[in-house]
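The following exercises are to be worked with the sequence and the model at hand. Each task is followed by its solution in steps.

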Amino acid sequence: MSESAFVHHGRLGAVIRLSVVNALLNIVTLSLWRFWGKTRVRAYLWGHTTIWGEPLEYVGRGGELFIGFLLAMLVVFTPYMILVTVAQLMLVEENPLGALLFALAQFSLFFLIGVGLYRARRYLMTRTVWRGLRAGQDGSALTYALLILGHIVLMGLTLGWSAPWMSVKIERYRLNHTRFGDTGFTCDATSGSLYKRFSAVWFSFIPVVACMALLGAFMDYPNPETMEPGEFFAKLALVYVWLFGSTLVFTALPLAAYNAAYWRQIAAHTRFDGIGFSFELGAWRLVRLFVGNALITALSLGILRPVASMRTLRTACQCLSMESQPDLSRLFAGTQPIPRTGEGLLAALDGVGEF
């Protein structure tokens, strides 16, 4: 099994310079540059990633992202905000239909996020080229959005226990509709083997709840009506620090172990042109990646987020391998239609992708 099928050659200094330039241009253009800045980051990351020695190429354009954003704002986001405003006005007037309309708006938001995520991934795939072969994604954004909505509903009904089953189901849908040229990926992963690790994650929240109860036993919870502003914000900060700290202590490692097992399971059951994959990712490595990316992004106020993206991509390349090289003579260009505009819906909803 080859360990060098996927290699990332990006340099930290180059990505930092790119991040700083993008940040300055965002300030000058009142954030309008972000569409072209995202394109430059993707072009660098893709161009410095090789598969079997051949570099990827990102052929998207900033103008496509900008036009997609404008269309989404006009066609989707504006009607959604009108719906939310009407619902809020009805709630103020104590109209019983206001709550129903507001709930409909919230479900619509999750549905739109699902559509936006799928369309964004389709755009990203169609702008990715390797050896002259364009990646692609077919399938239905509406079906994917319904899967996301069902995932959320089932999570509530089952107290989270449906998460592994639905997560794998959603990932199968994505991969089974992904292709390079005219050759598609296949994924037949199941969730049964994930439940042992998921149970550790689920039960790890019990001590978190106990810690919050313990805090409540020794301290009055923040109440802005009975506390001075200084005391209120101090106690509110203590609650958040206590919650974050207890969650980190008790759930970080079980959650990382589950996520690592999840991606190993997905990779082990995915094939391209009959060739299998493996993903050698451990829990501690995932924790270091997450903590490092969070610190880089937070301490730089988001400016160095492309550095976090590069770290993620490099880790993925180091962990992912293929059983053998595909027969390139059998791969041909696909004939699926290519979207003309970018991931506007996700941008309009203020979605943040990894790249």
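A patch is made of residues with over 30% relative accessible area and no salt bridge, like charges being joined within 9 Å and nonpolar side chains (Val, Leu, Ile, Met, Phe, Trp, Tyr) within 5 Å. Accessible areas come from the Shrake-Rupley method with a 1.4 Å probe, and for residues only the protein chains shown count as cover. The model is predicted: local features need pLDDT of at least 70, side-chain atom pairs count only at pLDDT 80 or more, and totals for chains, interfaces and linings use all residues. Residues are numbered from 1 along each chain as its sequence is written, and side-chain values use heavy atoms, with hydrogens and water left out.

**Exercise 1.** Identify the residues that form the nonpolar surface patch.

Step 1. The patch consists of Leu-12, Ile-16, Val-20, Leu-24, Ile-27 and Ile-303, with about 520 Å² of accessible area together.

Step 2. Ile-303 is found in the loop between α9 (283-299) and α10 (305-319); helices (H or I, at least four residues) and strands (E, at least two) are DSSP runs, numbered from the N terminus.

Step 3. Ile-303 counts as partly exposed because its relative accessibility is 38%; buried means under 20%, exposed over 50%, and partly exposed in between (1.4 Å probe, protein chains only).

**Exercise 2.** Examine the salt bridge between Arg-131 and Glu-54.

Step 1. A salt bridge is a side-chain nitrogen of Lys or Arg within 4 Å of a carboxyl oxygen of Asp or Glu. The structure holds four.

Step 2. Arg-131 and Glu-54 meet at 3.5 Å, N to O. This pair links distant parts of the chain, 77 residues apart: Arg-131 is in the loop between β4 (128-130) and β5 (133-137), and Glu-54 is in strand β3 (residues 54-58).

Step 3. Arg-131 is partly exposed because its relative accessibility is 45%; Glu-54 is partly exposed, at 31%.
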